[in-house]
Amino acid sequence: MGCGAVDQLKSGLIPSMRRKQKQEVLQILAIRDFDELKRWAQRTRAPLRILFSITYDPDRLLRYRAIEAIGRIAADIAADDREKVRTFLRGLIWLMREESD
């Protein structure tokens, strides 16, 4: 048994609401439907956080697509609320600094 996002979803390791949102976005990323991705992000609380969690998945293609999606969704969010995106980016920079120590 693998340890990727798909395996976690099947095994029930992710809490139910987050599991549903993550399962939904995994399907969207699989087919690279950017219109649906935008709709998913609009109805999801903290879409950047969910997408960021996928960047730790062992599947390289899935990680790449999650990163691509983060860029697209961050651009959409920034059009309305730049501070939200700044906060997310600050968190990423903080993580990178912590990892380098």
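Trainee: How many salt bridges does the structure hold?

Mentor: This is a predicted model, in which local features need pLDDT of at least 70 and side-chain atom pairs count only at pLDDT 80 or more, while totals for chains, interfaces and linings use all residues. Residues are numbered from 1 along each chain as its sequence is written, and side-chain values use heavy atoms, with hydrogens and water left out. Taking a salt bridge as a side-chain nitrogen of Lys or Arg within 4 Å of a carboxyl oxygen of Asp or Glu, the number that the structure holds is six.

Trainee: Which residue meets Glu-24 in a salt bridge at 2.3 Å, N to O?

Mentor: Helices here are DSSP runs (H or I, at least four residues; strands are E, at least two), numbered from the N terminus. Glu-24 sits in helix α2 (residues 16–31), and its partner lies 19 residues apart from it, in the loop between α3 (34–42) and α4 (47–54), so that the pair links distant parts of the chain. The side chain that meets Glu-24 at 2.3 Å is that of Arg-43.

Trainee: Is Glu-24 buried, partly exposed or exposed?

Mentor: With a 1.4 Å probe and protein chains only, buried means under 20% relative accessible area, exposed over 50%, and partly exposed in between. Arg-43, at 47%, is partly exposed. Because the relative accessibility of Glu-24 is 22%, this residue counts as partly exposed.

Trainee: Which residues are linked with Glu-24 in a network of salt bridges?

Mentor: The salt bridge between Glu-24 and Arg-43 has already been described. The network that contains Glu-24 also links Glu-36, Arg-39 and Arg-43.

Trainee: Which helix supplies the largest share of the lining of the largest pocket?

Mentor: On a 1 Å grid over the protein atoms alone, a pocket is an open set of points where a 1.4 Å probe fits, with protein on both sides within 12 Å along at least five of seven lines, and lining residues have an atom within 4 Å of a point. The largest pocket has 22 lining residues, and among those closest to its centre are Ile-77 and Lys-84. The largest share of that lining, six residues, comes from α6.
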